[in-house]
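Thank you all for coming; I would like to take a few minutes to go through one model with you, beginning with a sheet and ending with an interface. Please have a look at it before I go on.

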Amino acid sequence: MTTAKPTPSRRGAQRLVILIPYLWLLAFFLVPFLIVLKISLSQTAIAQPPYTPVLDPAAGWAALKDFFAELSFANYLSLAADTLYLSSYLKSVQVAAFSTMILLVIGYSLAYGMARAPRRLQPLLVTLVVLPFWTSFLIRVYAWINILQRDGLLNQALLALRLIDEPPVWLATDTAIYIGIVYSYLPFMVLPIYAALEKLDESLLEAAADLGCPPWKTFWLVTLPLSLPGVFAGALLCFIPIVGEFVIPDLLGGSETLMIGQTLWTEFFSNRDWPIASAVAVVLLIMLVVPIVLYQQFEARQIERGR
Amino acid sequence: MSNTKRDFAPWADPAARPLVRFDQVSKRFGATTAVDRLSLDIYEREFFALLGPSGCGKTTLLRMLAGFETPSEGRILLNGDDIASVPPYRRPVNMMFQAYALFPHLTVEGNVAFGLRQDGIARREIDARVNEMLALVRLEGFEERMPDQLSGGQRQRVALARALVKRPKVLLLDEPLAALDRKLREGTRFELMHLQERLGLTFVIVTHDREEAMVLAHRVAVMDHGRIAQVATPAEIYEQPRSRFIAEFIGDVNLLEGALAAVEPERVTIESVVGRLIAADAGEAEVGAKVWLAVRPEKVRLSRERPQAADNCIGGQVSDIGYLGDVSIYHVRLRTGVMMKATAANLTRMVERRIGWNDQVFLSWPREAGMVLSQ
């Protein structure tokens, strides 16, 4: 008996282990996506479900052919035709890009401070960053409504400090959206950057100083390049969900321009136009997959360089 | 060669000005004192070793010279100027780090050129000096490699090239060979020595490996508990250690405790635990003082018959033999119960050992072989 060769049943078990994540993706990502894709190619109907055609595998070949003949890209064309959708997408990308930049600046500074703090304090600091997660996200956003009200905490504080004479309007503005987003997503930016900075070998900074780098230049030439993977991970972790963000703009933002999440919600629940809503979702997904693929290529290059 | 180990001795010249001077330097971390009121001179073109067990303060001393630590007290002078207020990035001193600290995101070329780029040197000169340095450490053709595509020995040479390319006044080496395997380490020692002679730079090396310190350095400072126990040439340290700590730290030694009985010219008598012993020189010890006679095992002769006219001769029984190939170490139990070590070179191929386990033997050594230590 040789022990090197796995027995058939063991090999089967190994395959199963590899299969599980694929099965998971198939059941909970690919199949739902195909359903949404199919609905996006359908037409609205006053029926249950509210679209046609409906796939009925029992109806036979001819019915199946008719089914495919009825699918069309009409919804995508109307997405392109109506500037409402385009401006929603642009608004979302703009909000996501701008808040990711703000998050980068604040998040990097925070993560840098944490990584430079005394070793024994660092677990506490990480806990503090994660602490807001212990409260429901929705409650925290509602709390911001309270803070940003006309006679809310923020205005009271500003008045008390005599920084303003007239309380400005915060709620239902883009500023409120940015405040809410930056507040909510900060941990997702801080943690990956902190993880990258915390791994950074202190002797590299000494080596740079030894070779003639003043501290600011060491940061630029050594610390920043070596923390880039964390920066990219944090930026993606923030940018992608912010593009599709619904709760924060809905609760804190105004009604003039909608983010794509709000548009999607309106189409789906108010207008009950499932096909258009699905088309909006598919376009959003494609928009978001592109940066992920770009990031993965960047990462692959990094690994390639490191080899 | 003008700068051979033989005729290079600026420390013996009272007119010579030291390149580096530690003047009553102390360094405390909280309650612990890493370096304790230490004074030391290092001369230009010297290869200087700081040797000691871990925690003796040798690395702290090196890091103070590099500028990563500031002395709690005392002054560090470079060319006569106090460098306390000069930050590391303005010191004409470069360091080769223990784990090399190569920049993982830069190529070999990028690593070696890093220091020159900070000085705003013209690109053409940078290229020339980097190529010259890579040739010196035999790394031509590796310019575009990343550090983790290199072997340990290659990384070590990149680190050396990176530290040398700026032509520092002093090159600091923090355990430069510790990460290499034994064979590579021995070869690299001689390379490092030749490199230092060829470039004519001042090298200060920190090591816990006494062989490394003795092979490489003109002078060795043995450190213990933040102080310097002795600074001398390798031969002096080995043959004339100032204390039991040094004698034991630098190589194997037999220490025989006793009292100094009489001091005559060329004849010092010690009443020891193993009987009356004779040495040539009492050192700083005075008659009646408690002393130790230190005898290196290779200076002890081992014989079956009692030798004629030996200054010191003690009988005993072989209890252990360690065969190392080139030499054998004999552990001999004396009649008083004291163990002594003697090494004998295996000059001929032995099929049968001349002296075996449990044999009755005589240990003898001339009076010049013993060193009288009072501390």
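Before the sheet itself, one definition: two strands are taken to pair if DSSP finds at least two bridges between them. What we have on the screen is a predicted model, and I ask you to keep that in mind throughout. In chain B, strand β11, residues 254-264, and strand β14, residues 290-295, pair in the antiparallel sense over six bridges, and within that stretch Gly258(B) stands opposite Val291(B) in β14(B).

This pair belongs to an open sheet of five strands in chain B, which runs in the order β13-β12-β11-β14-β20 with antiparallel pairing. Its edges are β13 (275-279) and β20 (370-373) of chain B, each of which pairs on one side only, and neighbouring strands of the sheet are turned against each other by 40° on average, direction ignored.

Let me turn now to the interface. Chain A and chain B bury about 1,900 Å² between them, with 60% of that on carbon and sulfur atoms, and the contact takes 20 residues from chain A and 22 residues from chain B.

How many salt bridges does the rule find across the interface of chain A and chain B? It finds one, in which the side chains of Arg63(B) and Glu206(A) meet at 2.6 Å, N to O. On the side of chain A that touches chain B, the elements giving two or more residues are α9 (202-210), α10 (215-243) and α13 (274-306) of chain A, and the largest share, seven residues, comes from α9(A). The residues of that side divide into twelve nonpolar, three polar and five charged.

Terms used. Residues numbered from 1 in each chain as written. Chains lettered and ligands numbered in written order. Predicted model: local features only at pLDDT ≥ 70, side-chain atom pairs only at ≥ 80, totals over all residues. Heavy atoms only, no water. Helix = DSSP H or I, 4+ residues; strand = E, 2+ residues; numbered from the N terminus. Axes fitted to C-alpha atoms, helices over the stretch in contact; angles between N-to-C directions. Contact = heavy atoms within 4.5 Å. Buried area = accessible area lost by both parts, 1.4 Å probe. Salt bridge = Lys/Arg side-chain N within 4 Å of Asp/Glu carboxyl O. Nonpolar A, V, L, I, M, F, W, Y, C, P; charged D, E, K, R; others polar.
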